[in-house]
Amino acid sequence: MPKIRINNIELEAEEGESILSVAGKAGIFIPVLCHKEGVEHYTSCMVCMVKENKTNDFLPSCSSLALDGLDIDASGEDVISMRKKAVELLISEHRAECEAPCRIVCPAGYNIPLMNRLLASGEYRKAVDLIISELDAPEIRCKTCAGYCENACRRKKIDRQISIRNIRIFISQNLYYGGGPDHFIDQTEYRDLKNQFSSRPGKLDSNELQEWLKECTGTSMRFESIENFESAGEEARNCMHCDCRASEDCRLRDIAQAMGIKDKGRKVVNMPVTKKINHKTGLIFEHAKCIKCGLCVRVCEDSGNEPALCFINRGFISVISEPLTMEFDDILATQTDTCINICPTGALSRFK
Ligand code: SF4
Ligand code: SF4
Ligand code: SF4
Ligand code: FES
């Protein structure tokens, strides 16, 4: 059995075992992004770096074998700094946002995109319950607010901002719609957005902005003044789902937060931002959120079901895609959930 040292602890490894695995069994935490137990992967993120003390070489622990005699530093300053650089590199081309612009600037942190989605899908009572759950004073703050949300609304860059204030004020005057609260929406675990890592998309050009219109479910009828729930719902259908579907469950976001990374929004532009929607399965792919870990490609390969996701192009412009001769609508009839679940970011998710 190979004997190795990790953080000055003598450990025994199985033949063919990775450094990551040996460290994990000894309770030594090493972060990972592109690694998933049981799935062969591309060793792409470098977030799991460790240092070999005798050679001073940095190694990706997820795919480096625990060879006899290795002396590994898994938690030192150099190692932490190397991991941080790896995450910063990923963020530097991550032209995506965790939270919607309207919510980020709202002094109360109201979950405006969720409210709009509930209204857009006709779940009016749930939208009311959401607003009740966010109340921290007898009245919603929108009545006296200058409307920062509308000023920041991305839709304004295309035509006109969503009538967020009027929608919220209308709802606050109709809290007994449908007979009273019947859905409990837990907003108690409010994210402290100001202190939470939030990726920023950087500058978006006018063609890229058009991609967000794919998120709208409406007939594009617009209502500035809101007099009933139907007009609120119609206006809300023009909201473009700017928040990330993975905002509550993203390994990249969690790791960036744990490392104290701040995104200043200066992004490397390799490709234009696009959104692809599979209208048969409801899969949405946002390549700007993809870290090219290849896990989705591997699970598709392992399943043997085709046509599936694959890599196209090379180098910085390589991207996850349908095979070149296929349409996005024609892929992943059976692997949609597996791919969504294994994706460590919000690049693959369900359109809803
Ligand atoms: S994929 Fe993760 S880091 Fe990127 S925008 Fe979504 S939640 Fe934020
Ligand atoms: S389009 Fe919707 S989610 Fe985006 S900023 Fe405007 S209200 Fe918020
Ligand atoms: S879509 Fe998700 S799982 Fe697939 S390569 Fe990109 S980040 Fe990885
Ligand atoms: S987790 Fe090891 S290289 Fe990504």
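This is a predicted model: local features need pLDDT of at least 70, side-chain atom pairs count only at pLDDT 80 or more; totals for chains, interfaces and linings use all residues.
**Stop 1: the domains.** Select residues 3-92 for domain 1, 101-236 for domain 2 and 269-350 for domain 3. Keep domain 2 and domain 3 on screen for the next stop; their centres, taken over C-alpha atoms, are 30 Å apart. Where the two touch, domain 2 supplies six residues and domain 3 supplies eight.

Stop 2: The size of an interface is often given as the accessible area lost when the parts come together. Here domain 2 and domain 3 bury about 590 Å² between them, and carbon and sulfur atoms account for 57% of that.

Which residue forms a salt bridge with K275? Show the side chains and pick E215: this is the partner of K275, with their closest N and O atoms 2.9 Å apart. The count of salt bridges between domain 2 and domain 3 is one. Next, look for polar contacts across this interface, where four residue pairs are found. Colour the side of domain 2 that touches domain 3 by residue class, and you will see four charged residues, two nonpolar ones and no polar ones.

**Stop 3: around ligand 2.** Now centre the view on ligand 2 and show the residues around it. Among them are the cysteines C102, C153, C239 and C242. What classes of residue make up the shell around ligand 2? Nine are nonpolar, one is polar and one is charged.

Terms used:
Residues are numbered from 1 along each chain as its sequence is written. Chains are lettered from A and ligands numbered from 1 in the order in which they are written. Side-chain values use heavy atoms; hydrogens and water are left out. Domain bounds come from an automatic or database domain assignment. Contact means heavy atoms within 4.5 Å. Buried area is the accessible area (1.4 Å probe) that two parts lose on being put together, summed over both. A salt bridge is a side-chain nitrogen of Lys or Arg within 4 Å of a carboxyl oxygen of Asp or Glu. A polar contact is a pair of N or O atoms within 3.5 Å; within protein, one must be able to donate a hydrogen and the other to accept it, and residues adjacent in sequence count only if both atoms are side-chain atoms. Ala, Val, Leu, Ile, Met, Phe, Trp, Tyr, Cys and Pro count as nonpolar, Asp, Glu, Lys and Arg as charged, and the others, Gly among them, as polar. A residue is near a molecule or strand if one of its heavy atoms lies within 4 Å of it.
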